[in-house]
Amino acid sequence: MSDTISRVEKEFIFNFLIKNKVKFEIKCGVSSIEAYVLEQSAKELKIDLLSISEEIKGYQAPISVFFYFQNTHHTFNSVILRLQGSYAIIKNPDSIIRNLLRKFERIRLTETIPVEFEIEKDILPLNYPVSDISYFPDKPPVSADFTDIKIDVVLTKFKEKLSFIISNNKILMLRNYTAKNIFEELVLKYGKILYIPNTRSDIPNKQIDPTLEIITRDEWVKYEIDKNKTQENSLNKALSQYLLDLSKNNIFSLSIVPILYRNYTVGIIYLINNHQKSQVIDVKIIKYANQFSRVSSYILKQNGYFKDEEGGKEKISAPIYDLSPGGMAFSYNEPKNSDKLLLGHNFKILFKIENRPIRVLAKLVRKFNHLSQQFYGFVFIDIRKEDHEFIYRYLYKK
């Protein structure tokens, strides 16, 4: 359903478009032009045209304007009142329509035109410990202290820097790995940072920094009860014994930082200060190691370290049901793939009209049943201008 917005809301929307320099699309005949709103008055809008077509130069050329605001498509109709170089003065519309379903009338095709695209097959499980936390590696920030893409260079850089700061550091990759001690078990279970500032003191009761997630004493207690069925009156003794064991092994301060990928802990970073150094590992060092863990996860992914999970791609071919320059619908009735055609997801689609290949990026926005068939409706979110105009002429100029 579409609806018309109020005058007050219309003014607010135009102010937002002006302030945030939101790009919108103007349709004039078969032309498609991008533009920005610069100014508004009660009767007119001043817009900056990023290109000018012959059609838009016509006397009071009628236009349709489309833009995206607050997760919803909006449109209004107007006319070009006058041109001023690359600027245009258009009539301030009486109304704006939102919840727009489509920009053009869909044409039911009488000829069979197949559409092709690929969907990902099921992701395969990886041979790494599964943690309670999920993290998908984004591209690291430009400010990160690891700019080399080769993982061995990054590892060397990290170890060299820390070798002057703490007694010992090491990195373990965890493919087909089993935890060797309670400390690793905790990190693999929670996917959080283990931090013991001083093995002769106690386990932290709260978080030490808003940008880090460490395993607190309460989580140690819960794990100890669940794993070893330790009684409440013996918990302090059990936890103290863990710290004593570390101290006997010449560990004064310890932190273990996980390297996460999706819901797996794929590696751990050991940071250790011994009794000779007798210095608490600084929170800044842990933050640096945590940043390194995020960068490492991204680089490992980019270098195909997790390619074992890729299930490949499966090509789908289906006949187009209806088509417009702004989108399409097709019928497809394969139950095994229906859960992979998700609303809101983007797909790269290929189809041919009169032997002309057309490639678009389309968002799945609608699923519906018709005559016992399942249909999928797409909106084109990236289409070449030449292809857009070709489809328009093919459908409406016959």
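A: A salt bridge is a side-chain nitrogen of Lys or Arg within 4 Å of a carboxyl oxygen of Asp or Glu. The model is predicted, so local features need pLDDT of at least 70 and side-chain atom pairs count only at pLDDT 80 or more, while totals for chains, interfaces and linings use all residues. Residues are numbered from 1 along each chain as its sequence is written, and side-chain values use heavy atoms, with hydrogens and water left out.

Q: What makes the contact of Lys 192 with Glu 213 a salt bridge?
A: The closest N and O atoms of Lys 192 and Glu 213 are 4.0 Å apart, and the limit is within 4 Å, so the pair qualifies. Lys 192 lies in the loop between α3 (182-190) and β13 (194-196) and Glu 213 in the loop between β13 and α4 (217-228), so the bridge ties together parts that are 21 residues apart in sequence. Helices (H or I, at least four residues) and strands (E, at least two) are DSSP runs, numbered from the N terminus.

Q: What makes Arg 82 and Glu 44 a salt bridge, and how many does the structure hold?
A: An N to O distance of 3.3 Å joins the side chains of Arg 82 and Glu 44. Arg 82 is in strand β6 (residues 72-84) and Glu 44 in strand β4 (residues 44-49), so the pair connects parts 38 residues apart in sequence. Both count as partly exposed: Arg 82 at 38% and Glu 44 at 27%. The structure holds 15 salt bridges.

Q: Why is the ring pair of Phe 330 and Tyr 376 called tilted?
A: Rings of Phe, Tyr and Trp (its six-membered ring) pair if their centres lie within 6.5 Å; planes under 30 degrees apart count as stacked, over 60 as edge-to-face and the rest as tilted. The centres of Phe 330 and Tyr 376 are 6.0 Å apart and the planes stand at 35 degrees, so the pair is tilted. Phe 330 is in strand β16 (residues 327-331) and Tyr 376 in strand β19 (residues 373-382), 46 residues apart. Both residues are buried.

Q: What makes Lys 46 a charge over the ring of Tyr 87?
A: The term requires NZ of Lys or CZ of Arg within 6 Å of the ring centre and within 35 degrees of the ring normal. The charged end of Lys 46 sits over the Tyr 87 ring, 4.6 Å from its centre. Arg 356 sits likewise over the ring of Phe 390, with its charged end 4.6 Å from the centre.

Key
Buried < 20%, exposed > 50% of the residue type's maximum accessible area, 1.4 Å probe, protein only.
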